[in-house]
Amino acid sequence: MSYTRPGFRHPESQKNRLGLTRKAYEGSISTLCAGCGHDSIVSAIITTVFEMSIEPHRIVKLSGIGCSSKTPAYFLNRAHGFNSVHGRMPSVATGANMANRDLIYLGVSGDGDTASIGMGQFAHVVRRNLNMIYICMNNGCYGLTKGQDSATADKGSQTRKGDPVALESIDLCEMAIQLGAGFVARGFSGDKKQLVPMLKAAIAHKGLAFVDVISPCVTFNNAPTSTKSYSWVREHMEVTNTFDFIPLRQEITTEYDHGTTIPVILHDGSIINLCKREDKEVITSRKEAINALEQAKGNRQILTGILYVNPASNDFHDINNTVKTPLNELGEADLCPGNTALQAFNESLR
């Protein structure tokens, strides 16, 4: 068996606006179990960044501990990377973000890494509204340590041994909305068509974008009775809305009435037909987002899609008026402005 990714690619492979092929966004070969949902998410990340024509070196990928946190090795070899200790990815992301706000920060975590040992870090990075994409690969179990239930395993779902889960589960999307996240979404690793535009929208969002992706563990938690299994999710998935993502170009505007349909020509020449519902969907209400999640849960459904967006979100840098220049580009005069500046600063604190 070979663990080296072959370097050959078809000479006519598709290129993006930077002239790069998909190969430039790949990483090492996955060592996860065959059929793991995490590998599908990795593929969606590669597709997302390739199609958005983002230079790989502009991305910082960070993770903690767990199966999910191994995955940054499988994408974006040319990006910056840091594999932190268990549940501490948000602290490292915060420090790096403060040093250089110009890069794109992509944090990968799991339900164990986020909802248990890293819960405190998760809560506060959401409160800070750090400008980053936080992806939780959620399989409801600790796959790396042989399948114990995690804090996101739904109450009543069956454990690996067949016993019902006795404890209440943590809904990370509801928690993120309550804590003030400006972008919250939930996807399914087996639905790449929905997941890719969702990740594009998350990257485009300014502030913390939390994406919870149900990602079945095929080895320890894929029984039909598990609410994190392929079969259960496919039978109970309820899509809240359908989104597409358009990169930032000259704005396309249109006006039409509710209950009507209108064709709109996009930048690539394709035409979409917009149909405006009578009852306009609202995803900018925290209360309605939480109600929709609770209603779906009561109907034993998993609500997927972009659940909540705050278009007026101010990220950590806006709130704290941080310096725009990356720290490694500051000169001596900026770093040591002299005694007069120090005295003025001290006076401002009195």
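This is a predicted model: local features need pLDDT of at least 70, side-chain atom pairs count only at pLDDT 80 or more; totals for chains, interfaces and linings use all residues.

**Entry 1: a glutamate to start with.** Does E288 count as buried, partly exposed or exposed? I found E288 in helix 9, residues 286–298. Its relative accessibility is 42%, so E288 counts as partly exposed.

**Entry 2: the whole chain.** I stepped back for an overview. The protein chain has 12 helices and 12 strands. Of its 350 residues, 45% are buried. I looked at contacts with a separation of 6 or more, and 68% of them join residues 24 or more positions apart. The chain exposes about 18,500 Å², with carbon and sulfur atoms supplying 52% of that area.

**Entry 3: the cores.** Which residues touch the most other members of the largest nonpolar core? I noted I45, I59, F75, I135, F183, V211 and I306, out of 39 residues in that core. Helices 1 and 7 and strands 3, 4, 7, 8 and 12 each supply at least two of its residues. Helix 1 gives the most, with 7 residues. I then followed I59 and set aside its neighbours within four places in sequence: I59 is in contact with V49, I54, L76, A79, H80, I104 and L106. There is also a second, separate core of 30 residues, including C136, I177, A181 and I290.

**Entry 4: helix 5.** I wanted to know what lies over this helix. The buried residues of helix 5 (119–128) are M119, Q121, F122, A123, V125 and V126. Their cover includes helices 3, 4 and 6 as well as strands 4 and 8. After helix 5 comes N129, and its phi is positive, near 55°.

**Entry 5: a buried arginine.** R186 sits in strand 7. Why did I write it down as buried? Its relative accessible area is 8%, so R186 falls under the 20% cut-off. The side chains of R186 and D171 are joined by a polar contact of 2.9 Å. Both residues also belong to a network of salt bridges, together with E174, D212, E294 and K297.

**Entry 6: charged pairs.** Side chains of opposite charge can pair when their charged atoms come close. How many salt bridges turn up in a search of the whole structure? I got 9.

- E51 and K200 meet through their side chains at 2.7 Å, N to O, in a salt bridge. This pair links helix 1 to helix 7, 149 residues apart. E51 is partly exposed at 42%, whereas K200 is buried at 12%.
- K206 and D318 form a salt bridge at 3.0 Å, N to O. K206 is in the loop between helix 7 and strand 8, D318 is in helix 10, and 112 residues separate them. K206 is partly exposed at 41%, and D318 is partly exposed at 33%.
- R350 and E347 form a salt bridge, with 3.2 Å between the closest N and O atoms. R350 counts as exposed at 74% relative accessibility, while E347 is partly exposed at 49%.

Key
Residues are numbered from 1 along each chain as its sequence is written. Side-chain values use heavy atoms; hydrogens and water are left out. Buried means under 20% relative accessible area, exposed over 50%, partly exposed in between (1.4 Å probe, protein chains only). Helices (H or I, at least four residues) and strands (E, at least two) are DSSP runs, numbered from the N terminus. Contact means heavy atoms within 4.5 Å. A nonpolar core is a set of buried Ala, Val, Leu, Ile, Met, Phe, Trp, Tyr and Cys residues joined through side-chain atoms within 4.5 Å. A polar contact is a pair of N or O atoms within 3.5 Å; within protein, one must be able to donate a hydrogen and the other to accept it, and residues adjacent in sequence count only if both atoms are side-chain atoms. Accessible areas come from the Shrake-Rupley method with a 1.4 Å probe; for residues, only the protein chains shown count as cover. A salt bridge is a side-chain nitrogen of Lys or Arg within 4 Å of a carboxyl oxygen of Asp or Glu.
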